[in-house]
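Colleague: Please show me the model, and then take me through the words that you use to describe it.

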Amino acid sequence: MLDYENLIMPNDPALEGEFLSDERKLPASPVLPDELYLLPLTEKPFFPAQTLPLLMNEAPWLPTVEVIGETPHHMVGLVVVKPDNTDDVKRSDFRSIGTVARIHHPVRADGKMQFIAEGRRRFRIVEWLSDAPPYKVRVEYPNEVGKPDSEEIRAYSIAIINTIKDLLPHNPLYSEELKFFLNRFGPNEPSQLTDFAASLTTASKLALQDVLEALGLKKRMEKVLVLLKKELDVARLQSDIREKVDEKMSEQQREFFLRQQLKAIQKELGLAKDDKTAELDTFNERLAKLTLPEPAKKRIDEEMHKLSLLETGSPEYAVTRNYLDWLTSLPWGVHTQDKIDLEHARSILDRDHDGLDDVKDRIIEFLAVGAMRGEMTGSILLLIGPPGVGKTSIGKSIAEALGRKFFRFSVGGMRDEAEIKGHRRTYIGAMPGKFVQALKEVGSANPIIMLDEIDKVGGNYQGDPASALLEVLDPEQNADFLDHYLDVRFDLSKALFICTANDFSIPSALLDRMEVIRLSGYITEEKIAIARNHLWPRVLTRAGLKNAQLKITDGALRHVIEGYAREAGVRNLEKQLGRVARKAVVKVLGGESTPIKVGIKEVEAYLDKPVFNREKPMSGVGVVTGLAWTSMGGATLPIEASRIHTLNRGFKLTGKLGEVMKESAEIAYSYVASHLKVYNAESTFFDTSFVHLHVPEGATPKDGPSAGVTMATALLSLARNAKIERPLAMTGELTLTGHVLPVGGIREKVIAARRVGISELILPDANRRDFDKLPDHIRQGLTVHFAKRYQDVAKVVFGNF
C-alpha cells in the first residue's frame with residue numbers, strides 16, 4: 001500500500017501531480033480503528049461495497065489527510081454532510097452513520113486532492129473528539145440484523161440480481177461496475193450485493209443515506225429494490241425516447257436520400273427541373289397572364305436574369321426571389337368590371353342601412369357621376385361621424401354595389417411611413433407597404449380600399465404617415481405611385497379610396513384631397529328601425545336563438561335606446577341587446593317555456609336600472625340650455641349664471657373651459673354689460689355684482705365659440721331677474737357688436753334637442769341652409785328661430801323689451 005509519510009509534505013512541489021511511492025505496504029486486513037478522522041461527502045454516501053476515486057479541495061481538508069497519513073491503518077471515515085459545498089462544513093452538518101474506507105493512490109494537483117477509496121464497513125459516530133478540522137471521532141461498528149443465509153434473504157438477493165440484469169442492456173457502464181464488484185465479492189454475499197446495487201442507482205442523497213443507515217438486512221434490501229425499480233423505469237423510458245428519436249431521424253434521413261436520388265433520376269431523364277428553374281417557370285407563368293408597363297417589364301427581366309445566375313444558397317438569391325415573387329403577384333392590368341346600376345346600388349344601401357337618407361343620396365350622386373363618365377376613378381371619399389354610425393359598413397356596401405374587391409385596414413396609431421410606402425430592400429425583412437399588400441391580396445388593380453381611423457394617424461422620428469398618404473390619396477399623383485420596396489411605379493388611380501374619421505383633426509393638405517360625407521348620429525326612431533331590422537336578428541344568431549324563442553317589443557327597444565344606449569351610434573345598443581339575449585338563453589336552458597317576451601319591465605330586470613333618466617332641462621333665473629357638438633354626437637349644455645355678492649365688480653368662470661370658450665364668455669359678459677339699458681335691465685347691475693358663470697359637468701373639457709349666445713342669455717336673464725318659462729335651447733357664436741355667427745354640427749345639435757324633448761330652438765341665420773338640408777322626420781315638430789343679431793335672440797327669449 002501507499003506510504004502516507006511521503007504523501008503529505010506541505011509546499012513540496014515535487015509531489016504535486018505525481019503518484020506517490022508504493023514501496024511500504026499496509027496490512028492485508030487491518031483491524032478497524034476505534035477512532036477515525038472524517039472527510040465530508042456532498043453528492044451521495046459511500047457504501048462499503050464500493051471502490052471509487054474521490055476528489056476534493058485541499059483547503060480545508062489537507063491537514064486531515066496529513067494526519068491520516070501518520071496513522072498506521074490509513075483509514076478514513078466518509079460521511080455525508082448537509083451542505084453542497086465542503087469548504088465550510090461544521091460538526092453539526094455530519095450525519096451519524098458513514099463508511100470507513102482505506103485510501104489508495106493519492107495525488108495532488110491544482111489545489112485538488114484525489115485518491116481511491118475502498119469501502120470497508122459501516123460505522124456510527126459515538127463521540128466527537130474535536131470541534132474543528134481535522135475532525136476526529138470515536139466510532140463503533142454496528143452488526144447487521146438478519147440472517148444472510150435465510151431463504152427470505154436469498155429470495156431478495158435473487159430479485160436484486162434479476163433487476164440488475166434488466167438494467168444492464170440499458171447502460172453499458174453497469175456491466176463494467178458489475179465485473180469490478182464480482183472481482184471483490186461473490187453473489188452469495190447479500191449485504192455487499194445490496195450496497196453495490198444501491199450505489200448503481202441515481203437516487204437522491206437522502207434516499208441513499210437512508211439505505212446506508214438501514215442496519216437490518218431485509219429492510220435495506222427492500223429499500224434498494226424500490227430504488228432499483230425506479231431506476232429501471234427511468235432507464236426504460238430513456239431507451240424509448242432514444243429509440244423514437246433515432247427512428248424519426250432515420251426516417252428523415254431516408255426520405256432525404258430518396259428525394260435526392262429521385263431528383264437525380266428525374267433530372268437525368270429530363271422529367272424534372274431544379275428549384276431555380278421551377279421558380280423561374282412559375283414567375284413566367286404568372287407574367288403570361290398580366291399586362292405589364294414597359295418599365296416594370298424591363299425591371300422584371302433584369303431580376304429574372306440575375307436570379308438565373310445566382311446560386312440557390314446565396315443570400316442574394318433569397319432576396320431576389322422574394323422581390324420577383326412580389327412583382328409577379330401584383331395585378332398588373334387586372335381590373336374588375338364595374339356594375340354601375342343606380343337602382344341596384346340604392347337597394348343595397350337601403351338593405352344594409354336604415355336612415356342616413358342624405359348620406360345615401362350623396363353616395364348615389366357620386367356613383368351617378370361615375371356612371372356618366374363610364375368609370376370610377378380619381379375618387380377619395382371621407383366618411384366622418386361619431387363611432388358606431390355605420391361608416392365601415394357603408395364602405396362595404398359601396399364595394400358590393402360596384403362589384404369591386406374590398407380591402408380594409410386601420411391607420412389609427414400608425415407611426416411609420418414604411419407602413420404606407422414600404423421598406424427599402426436593403427433592410428432585412430423588408431416588405432412592401434399596405435397598399436401593395438392590399439393589391440396582392442385582392443388580385444385586382446381597381447379595388448375599394450378603406451382606410452379606417454385616418455384622423456388618428458400618428459408621427460414620430462421614423463416619419464409622418466399622414467404626409468406619405470398625400471401621394472396615395474392625390475388623384476393627380478397616385479397614377480405613378482412608387483413603393484420603396486418595389487421601386488417600380490404602380491397605377492393606383494383606378495382604385496377607389498374610402499376613409500373614415502370621427503372628427504376633422506386631419507392635416508389640411510390631406511383633407512383637401514377628399515370629398516367629405518358627414519354621418520351624424522341617429523334619432524330614436526332611426527335606432528328602433530336599425531335595431532329591429534339589423535341588430536336584433538344578428539344578436540339572436542350570435543346567441544344561438546331563433547326568432548320564435550325570443551320576442552322584444554318596440555317599447556322595450558325604445559326603453560333600451562333612451563335608457564341605456566343614448567350615444568349617437570348603435571354599437572352600445574347592440575351590446576345591450578346582446579346582454580338581453582344572454583339572459584334569455586340562461587332561461588331557455590333552465591327549462592322556461594318559449595317564446596320569451598321582453599317588455600319594458602323585463603328590460604329593467606335584465607339590464608338593471610336605466611343609466612340615463614329622461615333629461616329635464618334645467619330652469620331658473622340665469623339658467624339657459626345650450627347645444628354642443630362632440631365627437632360622440634350632439635349634447636345639451638346647460639349654462640348657469642349667479643350673482644355671488646355685491647361688494648365689488650367681478651366675473652368668474654368654471655367648468656373646465658377651453659381658451660376659445662373662455663373668450664366667448666368674456667365677449668358675452670362685455671356685450672351684455674354694455675347693453676343692459678337696451679334690454680330693459682338695470683344699467684348698473686354689473687357695476688357692483690360679482691358674477692359666477694358655470695358650465696356643469698366640470699370634469700368634462702369643453703371648448704368652442706358656439707355657446708356665446710347661450711352665455712349672453714344666461715347673463716341677461718340674471719340681470720333682468722327673468723326666468724325662461726318654456727323648454728328652449730340655442731346655439732351660435734356672439735361677436736362683441738352683437739352679431740350671431742354660424743356654427744357647425746347643426747344636425748347633431750338638433751338631434752340632441754329632440755332627444756331631451758326640446759322642440760323650440762334658436763339657430764344662427766347663416767345656418768338656415770344646414771337646417772333645411774335635414775331630413776323631414778328630424779325637422780318635424782320643431783319650432784326654429786333664426787337670428788342674425790343678438791336682439792333677435794333676446795326677442796324670442798324675453799319678448800318685447
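Modeller: Rings of Phe, Tyr and Trp (for Trp, its six-membered ring) count as a pair if their centres lie within 6.5 Å, and the pair is called stacked when the planes are under 30 degrees apart, edge-to-face when they are over 60, and tilted for the rest. Pairs of this kind link Phe407, Phe409, Phe435, Phe481 and Phe497 into a cluster. What you see is a predicted model, in which local features need pLDDT of at least 70 and side-chain atom pairs count only at pLDDT 80 or more, while totals for chains, interfaces and linings use all residues. Residues are numbered from 1 along each chain as its sequence is written, and side-chain values use heavy atoms, with hydrogens and water left out.

Colleague: How many aromatic pairs does a search of the whole structure find, and what makes the pair of Trp128 and Tyr135 stacked or edge-to-face?

Modeller: The search finds 17 aromatic pairs. For Trp128 and Tyr135 the ring centres are 5.8 Å apart, which is inside the limit, and the planes meet at 85°, so this pair is edge-to-face. Trp128 and Tyr135 are each buried, a word that stands for under 20% relative accessible area, whereas exposed stands for over 50% and partly exposed for the range in between (1.4 Å probe, protein chains only).

Tyr671 and Tyr790 give another edge-to-face pair, with 5.7 Å from centre to centre and 75° between the planes.

Colleague: Why do you say that the pair of Tyr671 and Tyr790 ties together parts that are apart in sequence?

Modeller: Tyr671 belongs to helix 22 (residues 659–674) and Tyr790 to helix 27 (residues 790–798), so their pair ties together parts that are 119 residues apart in sequence. The helices (H or I, at least four residues) and strands (E, at least two) are DSSP runs, numbered from the N terminus. Tyr671 is buried, and Tyr790 is buried too.

Colleague: How do you know that the buried residues of helix 15 line one face of the helix?

Modeller: In helix 15 (residues 434–442) the buried residues are Phe435, Val436, Ala438, Leu439 and Val442. Seen down the axis of helix 15, these residues fall within an arc of 155°, so they line one face of the helix; the arc is that of the directions from the helix axis to the C-beta atoms. After helix 15 comes Gly443, whose phi is positive, near 70°.

Colleague: Why is Arg747 called buried, and what is Arg747 in contact with?

Modeller: Arg747, which has its place in helix 24 (residues 746–755), has a relative accessible area of 7%, and Arg747 is therefore buried. Leaving aside neighbours within four places in sequence, Arg747 is in contact (heavy atoms within 4.5 Å) with Asp358, Ser520, Gly521, Glu526, Leu774, Pro775 and Ile778.

Colleague: What makes a set of residues a nonpolar core, and which members of the largest one touch the most others?

Modeller: A nonpolar core consists of buried Ala, Val, Leu, Ile, Met, Phe, Trp, Tyr and Cys residues that are joined through side-chain atoms within 4.5 Å. The largest has 52 residues, of which Ile398, Leu550, Leu573 and Leu577 touch the most other members. Helix 18 (residues 524–543) gives the most to this core, namely seven residues. Apart from this core lies another one of 51 residues, including Leu287, Ile384, Val411 and Phe497.

Colleague: How do you know whether the protein as a whole is a compact globule or more spread out?

Modeller: The protein has 27 helices and 24 strands. Its radius of gyration is 47 Å, well over the 28 Å that the globule rule gives for 801 residues, so the protein is more spread out than a compact globule; the radius is taken over C-alpha atoms, and the rule is 2.2 Å times the number of residues to the power 0.38. The C-alpha trace spans about 135 × 90 × 70 Å along its principal axes, and 47% of the 801 residues count as buried.
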